[in-house]
Amino acid sequence: MTETETADLAGVHAPVGVDTTRPSMARVCNWMLGGKDNYAQDRNVGEKLDLVAPSQMAAAWASRQFQQRALRYLIEHAGLRQFLDIGAGLPLPAPTDVNTHQATAYMHTLPDADRPTVVYVDHDPVCLAHGRVLLETTDQSHYVCGDLLTPDLAGSEAATYLELEKPVGVLLCGVLHHVDDETDPAAVVRGWVDAVPAGSYFVLTHQWNPGGESPLAEAAAKCQDRYLDLMGSGWFRSREEISALFDGLELLDPGLVVPGEWWPTGPVRKFPTTAEGLVLAGVARKPVP
């Protein structure tokens, strides 16, 4: 089976859904975050990744905590009140406050009309079923069917809950490294940039291969091999390739960094594990003319 044929089976183009004989991106992530909605095939992926890049769970949590800090920044400093979480995956049940709407729940002192609206988007039917049960708990939280590769919001279900004349915070976390080069992840991002108004923000994480003489380069290459072999997708791109995803956007300080180093509320004083060092994260703004 060729790499392309494998990607057609398990990549972003074809959600695994209820098939438990194949690993699912959403379920592997669920396992890494300590969730219960995963099966042996999913755990097998995580465990094999752990052998070549230890502490996959720590890396997943570092990325999720970055998202929480970014959300707080966008709410408190950028004034955003609506978010679009694309490729949201499987939620973790309360009281775990790592789902997007839970990370914004500290705004409970605001009037209802001023609380952030969060629209979760996924095309996996299992994610949709779980998300609608566990996440649609307030008038400001919605889980809808949509595709990362179809960024046109006009007339979409997501658009019914968003005010598209106002800035949106778009989360593209942990999804673009499952888009192959032929599909062009930078073009996918540009599609979403075009779909939201000026002043919107993009929160992004992507698996990274430092390359060169970095001691992490070999671990990144081995992780990519395991992803492609077991799931058909999961590319570790260079810093230059990941930076290109932000073309046309204004990258916020401290730029494109390991998730634990993005710290608007103070530095994270912890040396990253191998797996944590293989992810880059950033937040950028669509310029206002």
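## Backbone exceptions

D184 sits in the loop between β4 and α7 (185-195). In this predicted model, the phi of D184 is near 75°, a positive value in a residue other than glycine. Its relative accessibility is 30%, so D184 counts as partly exposed. A second case is S55, in the loop between α3 (40-52) and α4. S55 is not a glycine either, yet its phi is positive, at about 75°. With a relative accessible area of 29%, S55 is partly exposed.

One peptide bond also deserves a look. The bond from D253 to P254 is cis, with omega near 10°. P254 belongs to the loop between β6 and β7. Why flag such sites? Most residues other than glycine have a negative phi, and most peptide bonds are trans.

## Overall make-up

The protein holds 9 helices and 7 strands. Of its 289 residues, 52% are buried. Consider contacts between residues at least 6 apart in sequence: 72% of them join residues at least 24 apart.

## The sheet

In what order do the 7 strands line up? The order is β3-β2-β1-β4-β5-β7-β6. The sheet is open and its pairing is mixed. β3 (141-145) and β6 are the edge strands, and each pairs on one side only.

Strand β4 (residues 169-173) and strand β5 (residues 201-207) run parallel. They are joined by 5 bridges. In this pairing, G169 stands opposite Y201 of β5.

## Helix α7 against the sheet

The loop that carries D184 lies between β4 and α7. The buried residues of α7 are P185, A186, V188, V189, G191, W192 and V193. What covers them? The cover includes β1 (82-86), β4 and β5.

Is helix α2 largely enclosed or exposed? In α2, 6 of the 8 residues are buried, so the helix is largely enclosed by the rest of the structure. Those buried residues are A26, R27, V28, N30, W31 and M32. They pack against four helices: α3, α4, α6 (125-134) and α8 (217-230).

The packing with α4 can be described in detail. Two packed helices are described by the angle between their axes and the distance between the axes. For α2 (residues 25-32) and α4, the angle is about 100° and the axes are 8 Å apart. That makes α2 roughly perpendicular to α4. From α2, the residues C29, W31 and M32 take part. From α4, they meet Q56, M57, A60, W61 and R64. W31 and M32 are also among the buried residues of α2.

## Aromatic contacts

How many aromatic pairs does a search of the whole structure find? It finds 4. One of them joins F66 and W262: the ring centres lie 5.6 Å apart and the planes meet at 80°, so the pair is edge-to-face. F66 lies in helix α4 (residues 56-76), while W262 lies in the loop between β6 (250-251) and β7 (279-285), so the pair ties together parts that are 196 residues apart in sequence. Both F66 and W262 are buried.

Another pair is Y227 with F236. Here the centres are 6.1 Å apart and the planes are at 45°, which is a tilted arrangement. Y227 has 7% relative accessibility and counts as buried. F236 has 9% relative accessibility and counts as buried too.

Which residues form one aromatic cluster? They are F66, Y73 and W262.

## A charge over a ring

R239 provides a contact of another kind. R239 lies over the face of W208. Its distance from the ring centre is 5.1 Å.

Methods:
Residues are numbered from 1 along each chain as its sequence is written. This is a predicted model: local features need pLDDT of at least 70, side-chain atom pairs count only at pLDDT 80 or more; totals for chains, interfaces and linings use all residues. Side-chain values use heavy atoms; hydrogens and water are left out. Rings of Phe, Tyr and Trp (its six-membered ring) pair if their centres lie within 6.5 Å; planes under 30 degrees apart count as stacked, over 60 as edge-to-face and the rest as tilted. Helices (H or I, at least four residues) and strands (E, at least two) are DSSP runs, numbered from the N terminus. Buried means under 20% relative accessible area, exposed over 50%, partly exposed in between (1.4 Å probe, protein chains only). A charge sits over a ring if NZ of Lys or CZ of Arg is within 6 Å of the ring centre and within 35 degrees of the ring normal. Two strands pair if DSSP finds at least two bridges between them. Axes are lines fitted to C-alpha atoms, for helices over the stretch in contact, and angles run from 0 to 180 degrees between N-to-C directions. Angles under 35 degrees count as roughly parallel, over 145 as roughly antiparallel, 65 to 115 as roughly perpendicular and the rest as oblique. Contact means heavy atoms within 4.5 Å.
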